[in-house]
Amino acid sequence: MRKFINKYFKVIVFTLLFFGIITSFSCAQELPKGELPILLTSSGQSPDAFVVKVLLDRAKIESSYNGLVNVDEIKDIKTLIIVMGGSTKGLGAAGIDEKFELERSTKIIDEAIKQGILVLGIHIGGEGRRGPLSQQFIDLVAPRTKGLIVTEEGNKDGYFSNLSKDKNIPLVVVTTTPEVGGVLQKVFQADVE
């Protein structure tokens with residue numbers, strides 16, 4: 001009986017490990033491979049874009065950060081990372097309003113797509129950045145990306161999961177914000193090595 005239990009236990013552990021590894025691997029593999037140079041910007045002017053810049057730096061992934069990049073500056077890059085999340089304070093500090101930011105975001109995405117640049121969307125603001133102000137920017141950006149990285153807290157209502165299925169956009173959901181750095185390392189692994 002003891003041999004049976006040990007054998008059964010080993011099969012369960014192996015199965016859990018195997019499927020855990022496969023799930024993690026496929027989750028990381030779903031996102032398209034990114035290339036340098038990277039331009040990082042915000043859509044909504046929340047401070048979350050700066051947090052992502054810090055995560056990229058810690059992961060030793062070279063990137064340029066411009067929270068107010070305009071369409072004329074979308075050149076000589078291979079990947080555009082847009083961090084979605086609205087902030088009234090951020091918009092005010094930048095001296096712009098929602099309308100201007102929505103128009104700017106639309107233009108830079110249009111130009112990136114026109115040039116064949118990979119567009120990745122990131123949402124790390126959690127529930128706090130899922131209010132009406134932020135949602136405008138999320139609705140604008142997320143459906144037009146080639147891959148999404150979001151925190152579990154920001155996806156509590158299943159918005160990103162549903163969008164991912166409906167639009168066939170690869171999605172990685174992380175538990176904590178620092179995990180975004182590890183996901184980005186996998187996305188840019190070939191170019192960083």
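**Salt bridges in close-up**

**View 1. D157 forms a salt bridge with R130, with 2.9 Å between the closest N and O atoms.** The pair links distant parts of the chain, 27 residues apart. D157 is in the loop between β5 and α6 (159-167), and R130 is in the loop between β4 (118-123) and α5. The model shown here and in the other views is predicted. D157 is exposed, with a relative accessible area of 51%, whereas R130 is buried, with a relative accessible area of 17%.

**View 2. D110 and R144 meet through their side chains in a salt bridge (2.7 Å, N to O).** D110 is partly exposed, its relative accessible area being 36%. R144 also counts as partly exposed, at 30% relative accessibility.

**View 3. A salt bridge joins the side chains of K53 and D57 (3.0 Å, N to O).** Helix α2 (residues 48-58) holds both K53 and D57. The two residues are 4 apart, about one turn of the helix. K53 has a relative accessible area of 14% and is buried. D57, with a relative accessible area of 42%, is partly exposed.

**All views. The pairs shown are among the 4 salt bridges counted in the model.** Side chains of opposite charge can pair when their charged atoms come close.

Terms used
Residues are numbered from 1 along each chain as its sequence is written. This is a predicted model: local features need pLDDT of at least 70, side-chain atom pairs count only at pLDDT 80 or more; totals for chains, interfaces and linings use all residues. Side-chain values use heavy atoms; hydrogens and water are left out. Buried means under 20% relative accessible area, exposed over 50%, partly exposed in between (1.4 Å probe, protein chains only).
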